[in-house]
Amino acid sequence: MNRPRITLSYAQSLDGCIAAAPGQRTLLSGPEAMKMTHQLRAQHDAILVGVGTVIADNPRLNVRLVEGPSPQPIVLDSHLRIPLQSALIQSPTHPVWVFCSTNVQAATKVSLEAAGVHVFMVNEGETKHIDLSEILHVCYTKGIRSLMVEGGAKIIQAFLRAGLVDEVVITITPGFLTGLAALTTPLSHLPQFITPKYQVFGSDIVVTAKLLWET
Ligand SMILES: NC(=O)c1ccc[n+]([C@@H]2O[C@H](COP(=O)([O-])OP(=O)(O)OC[C@H]3O[C@@H](n4cnc5c(N)ncnc54)[C@H](OP(=O)(O)O)[C@@H]3O)[C@@H](O)[C@H]2O)c1
């Protein structure tokens, strides 16, 4: 199946947490690593998060800290819970794409579309969530060749569980959070990290590696 190349990118504390508590917006990266993240965004056709991140962080997912194009924002949101007042809808760089299940309320879909959202209905996969393979195929057919997955925890785990990550760019910040862990459930297959690189950005370390999944 044709799909975009996928980079998984997030920031974590030394104890592997991506937020101080579930659903809590937590600034982790320092300014230098944040700039690197914006550079990475500019190098991808699209950027994807789960609706949990939209509700918690209200992100814009665009490129502001460096020169470069902003990627197409994509939200996975089975039940169309994305708030109409979210920044992705109210001040978009591109009209946001929202992937939902086939049994959402028609009225909610209509009001989101009236606000400029592109809604794509997809089937449930084996995991009872909307099917990542189908979503990625739709993205590919719409011209998306590179996709940056930026979280949160459930989305990170869903992509890793499905083996749908080609590269990781993980910022590690000094400090403990004892909060929401990036990974909480076991992965049935563990990827190999190929030619990992460790770079210092201000007070953070950024780990970059290609992933090799056993077939
Ligand atoms: N440190 C970082 O780099 C970073 C980055 C991003 C977010 N965060 C933090 O992460 C937290 C949010 O994480 P989260 O786990 O609550 O939310 P999330 O991963 O952003 O979104 C999870 C939601 O996505 C929906 N979804 C749709 N399709 C899915 C699929 N195939 N697999 C899994 N989920 C799917 C589900 O809701 P439905 O069932 O309603 O569709 C699910 O509850 C916040 O605290 C935020 O601050 C941190």
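Predicted model: local features only at pLDDT ≥ 70, side-chain atom pairs only at ≥ 80, totals over all residues.
Reader: Which residues form a nonpolar patch on the surface together with Val200, and what accessible area do they have together?

Author: The patch on the surface is nonpolar, and Val200 is one of the residues that form it. The others are Tyr198 and Ile205, and the accessible area of Tyr198, Val200 and Ile205 together is about 340 Å².

Reader: Turning to the ligand, how far from one of its oxygen atoms does a polar side-chain atom of Asp57 lie, and how much of the ligand's accessible area does the protein cover?

Author: Asp57 is among the closest of the 31 residues that surround the ligand, and a polar side-chain atom of Asp57 lies 2.7 Å from a ligand oxygen atom. On its own the ligand has 920 Å² of accessible area, and the share of this that the protein covers is 90%.

Reader: Which element gives the largest share of the shell around the ligand?

Author: The elements that give two or more residues to this shell are strand 1 (5-13), strand 2 (17-19), helix 2 (51-57) and helix 6 (153-161). By class, the shell has 15 nonpolar, 10 polar and 6 charged residues. The largest share, 5 residues, comes from helix 2.

Note on methods: Residues numbered from 1 in each chain as written. Heavy atoms only, no water. Patch = residues over 30% accessible without salt bridge, like charges linked within 9 Å, V, L, I, M, F, W, Y side chains within 5 Å. Areas by Shrake-Rupley, 256 points an atom, 1.4 Å probe, with all protein chains shown as cover. Salt bridge = Lys/Arg side-chain N within 4 Å of Asp/Glu carboxyl O. Near = heavy atom within 4 Å. Polar contact = N/O pair within 3.5 Å; in protein donor to acceptor, adjacent residues only side chain to side chain. Helix = DSSP H or I, 4+ residues; strand = E, 2+ residues; numbered from the N terminus. Nonpolar A, V, L, I, M, F, W, Y, C, P; charged D, E, K, R; others polar.
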